[in-house]
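Have the sequence and the model to hand.

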Amino acid sequence: MTGRVPVLVTGLPRSGTSWAGKMLAAGGGLVYVNEPLNPQHPPGRCPGVLNAHVTHRFQYICPDNEDVWLPAFTDTVALRYRFLAELRRNRSPYDLARMARYGAAFTLGRLTGRRALLDDPFALFSAGWFAERLGCQVVVLQRDAVPFVGSWQRLGWTVYFHELLEQPLLVRDHPHLEALREFVGCQDRIAKAVALWRAARRVTAVLAARHPGITLVRYE
């Protein structure tokens, strides 16, 4: 990895993105940025890090809706922290401490020529946009189905497919996601996790074929 190219480490949640991202950042040449597209605060909804409003889990970004996302992520990968935007929204002691930590890391990283490393599972379906429009070197972590589903079961996690299907541009660009409609309202968490794993595998295979800047890596 050379130059000032930003890095995106993505993959479904519980696929090892945090570990991989932190190991890459441990070398000292990258500034670790944790899940800017996570719709839950924290770690998301922090406009100092990403000055844009996230509306869905697995927010889909493409050239047709990038008017807000491109300038926001351009700032993020350039390590320009938006202090005023952060103060307008988040003022709790925790948020102020987080602002100080991220603000200092962004500023020092920019001044010393480091690159941004985004660790964000929720960027998975938008990985092509990150590669093409932001010039990111994208690493997609893929975990085998059984440990992936087992991890979700152990944590009691589930997925709500309407958050994917309510994004018309995502379904347009990846029409096979329509198959997930049969699981909307389903109470079988194992079946839903398997369906998500299969859908993600198909999407990432298509994205890797289209974009040479995307590398697929097995978690195992």
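## A helix and its packing partner

Phe-148, Val-149, Ser-151 and Trp-152 are the buried residues to look at in α6. The model is a predicted one. Viewed down the axis of α6, its buried residues fall within an arc of 155°, so they line one face of the helix. The face turned away from that buried side carries Val-146 and Arg-154, both exposed.

What do the buried residues of α6 pack against? They pack against α9. Helix α6 covers residues 145–155, and helix α9 covers residues 189–210. The two pack at an angle of about 135°, with their axes 10 Å apart. The crossing of α6 past α9 is right-handed.

| Helix | Residues in the contact |
|---|---|
| α6 | Ala-145, Phe-148, Val-149, Trp-152, Gln-153 |
| α9 | Arg-189, Ile-190, Ala-193, Val-194, Leu-196, Trp-197 |

By class, this contact of α6 with α9 has nine nonpolar residues, one polar and one charged. Phe-148, Val-149 and Trp-152 are among the α6 residues that meet α9, and these three are also buried.

One backbone feature follows the helix. Just after α6, Gly-156 takes a positive phi of about 75°.

Key: Residues numbered from 1 in each chain as written. Predicted model: local features only at pLDDT ≥ 70, side-chain atom pairs only at ≥ 80, totals over all residues. Heavy atoms only, no water. Axes fitted to C-alpha atoms, helices over the stretch in contact; angles between N-to-C directions. Helix = DSSP H or I, 4+ residues; strand = E, 2+ residues; numbered from the N terminus. Left-handed = near helix turned anticlockwise from the far one by under 90°. Contact = heavy atoms within 4.5 Å. Nonpolar A, V, L, I, M, F, W, Y, C, P; charged D, E, K, R; others polar. Buried < 20%, exposed > 50% of the residue type's maximum accessible area, 1.4 Å probe, protein only. Arc of directions from axis to C-beta.
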